[in-house]
Amino acid sequence: MTTHSTERHESYWLALRFPEAWFECRCPEAERRQPPPAVLLDGGGRAGRVVAVNRAARERGIEAGQSLAGARSRHRAHDPADPVPLRCLTIDQRAVETWLAEWGEWALTYTSRVSRPPPVGRDVENGPGLLLEIGGSAALFGGLEALVSRLLEALQPWGLVVRAAGAGHPRIAWALAAVLDDEAPWLCPAREQLAAVSRLPLALLDWPVTWIDRFAELGLRRLGEVRRLPREGVGMRSDPALLVDLDRLFAERDWPLADLVPPARYAREVSLWDPANQIDRLLLLARGPLVGLGDFLRRRQLAVADFVVWLDHEAHPSTRLELATAEPGREVGLWQEQLRLRLESVGELAPVTCLRVEAERFVTPRPGQGSLFADADERVRDRQALLQRLQARLGSEAVNRLQDAPGLVPMRRSRLQPVSAYRGRSRRSGPTETSSVQLGDAAPPGAFRPLWWLEMPRRPDAPVRYRGETERVETGWWLAAEEAADYCAGELAGGRAVCLRREREGGEWQIIGLED
């Protein structure tokens with residue numbers, strides 16, 4: 001069906017139906033671009049029958065109504081060497097409802113009214129979905145067609161099967177979306193909606209099968225033919241709910257719908273077809289919930305500083321991972337880095353079957369602009385970021401707090417020297433002058449730091465007397481500049497104090513700094 005142009009309406013409803021929601025709510029993000037073939041069964045065991053199939057299964061010749069054995073036979077016959085197994089699922093209503101609630105919250109980006117319609121009949125075959133009242137917000141996006149196009153484009157990267165139809169009455173829009181045979185949206189103008197409803201085939205409607213079969217026995221094939229029957233006779237011989245729904249389909253009765261209320265906390269989980277414990281695979285699995293958390297915060301203009309990631313296992317207790325950032329934010333990349341560090345710190349993980357992200361402590365981000373030079377607040381945030389990164393890598397039990405200490409690398413340290421100590425001294429000391437720094441034979445490591453560092457190390461031109469102990473410096477993985485060397489205080493033949501350095505792997509001592 002094609003997209004019809006429509007004029008602006010005060011109230012206009014867009015129906016989004018997801019005929020493969022039973023599969024998409026459990027499909028990992030890594031497999032959405034090339035989903036495996038999957039079938040929905042009406043029960044467990046070999047006696048189960050296929051109720052619905054996804055696109056990949058349909059391409060392999062599998063159809064609804066087949067037995068499980070027949071579906072597997074079709075799958076093997078399509079490509080005997082096909083390495084992708086046939087996924088056999090049973091309906092998980094809780095997973096579908098949770099999944100729809102997440103997309104309903106996402107839809108609040110485009111409208112202030114989103115509803116989850118109550119089941120009418122064959123929701124599994126035609127697909128559950130959402131109803132969006134877009135008449136009030138269409139002008140903000142350039143009209144109804146522009147809004148619908150933008151909304152469907154935003155859904156494309158997720159690889160979902162969506163049927164979209166619009167009408168002035170929510171029940172009409174819901175029925176039109178059930179009969180679509182392609183993924184092109186159908187926006188029906190108000191003046192055409194009654195004619196469009198009259199032409200709807202009963203076999204494709206979302207009515208119970210018993211209703212449709214009864215009218216089929218009378219030779220009725222379209223909804224308009226049912227409408228022309230005597231109302232009293234239909235009411236006496238059918239379910240009273242049929243007349244109520246018939247009135248709604250012809251816009252003669254309101255359809256009371258409850259507006260979706262956004263949850264106060266964020267919780268989203270994803271499952272794996274096959275349990276895994278590889279860090280890269282778990283990070284890919286976590287990307288969907290983390291992106292969802294970022295969208296959740298952006299819609300509310302909120303931020304979060306800490307949240308929890310749960311890892312469920314088949315035969316082990318769940319693993320709880322706490323993630324925290326230096327200050328509240330909504331940066332998915334930073335969360336993924338923190339999660340990687342936490343997974344690496346856990347060590348050997350039992351195979352994970354489900355990953356869940358939960359967040360409930362939200363704050364309003366404070367406005368402000370960073371300064372050119374680091375101020376006290378920025379230094380505090382930097383220290384907090386370092387502490388949290390160390391805790392993510394080593395665990396909160398191993399790292400309690402940060403303590404200021406002199407820098408490890410001598411060239412990055414400094415010391416204060418009174419100016420009076422150099423008054424009256426020439427820029428170049430004579431060979432008989434003694435250094436202003438007395439180097440004892442037992443000077444502790446790191447006690448001497450020169451005032452002048454050389455741009456390039458150089459070999460001593462004369463014998464050097466080594467003073468004190470050798471100081472070995474090895475920086476940790478958290479520092480950008482790695483260092484692994486030995487340092488020692490020395491004295492030239494003329495009494496000039498110097499700082500010496502040699503590589504850890506071996507080598508000669510070189511002068512890297514002078515006292516004056």
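View 1. At 2% relative accessibility, Asp486 counts as buried (buried is under 20% relative accessible area, exposed is over 50%, and partly exposed lies in between, with a 1.4 Å probe and protein chains only). This is a predicted model, where local features need pLDDT of at least 70, side-chain atom pairs count only at pLDDT 80 or more, and totals for chains, interfaces and linings use all residues. Residues are numbered from 1 along each chain as its sequence is written, and side-chain values use heavy atoms, leaving out hydrogens and water. Asp486 has a salt-bridge partner in Arg472, with 2.9 Å between the closest N and O atoms (a salt bridge here is a side-chain nitrogen of Lys or Arg within 4 Å of a carboxyl oxygen of Asp or Glu). Arg472 sits in strand β15 and Asp486 in strand β16, so the pair ties together parts that are 14 residues apart in sequence. Arg472 itself is exposed, at 52% relative accessible area.

View 2. Strand β16 covers residues 484-492, and eight of its nine residues are buried. Strands (E, at least two residues) and helices (H or I, at least four) are DSSP runs numbered from the N terminus, and two strands pair if DSSP finds at least two bridges between them. β16 pairs with β15 (residues 464-474) in the antiparallel sense over eight bridges, and Tyr466 stands opposite Gly490 of β16. Seven bridges link β16 to β17 (residues 497-503), again an antiparallel pairing.

**View 3. The β16-β17 hairpin.** What separates the two strands of this hairpin? Four residues lie between β16 and β17, and Gly495 in the turn has a positive phi of about 95 degrees. Across the pairing, Tyr487 has Arg501 of β17 as its bridge partner. Arg501 also makes a salt bridge with Glu503, the closest N and O atoms being 2.9 Å apart. Arg501 is buried at 15% relative accessibility, while Glu503 is partly exposed at 42%.

**View 4. Arg300 and Glu105, a helix-to-helix link.** The model has 26 salt bridges by the rule used here. In one of them, the side chains of Arg300 and Glu105 meet at 2.5 Å, N to O. Arg300 belongs to helix α13 (residues 279-300) and Glu105 to helix α4 (residues 93-107), so the pair ties together parts that are 195 residues apart in sequence. Arg300 is partly exposed, with a relative accessible area of 26%, whereas Glu105 is buried at 7%.
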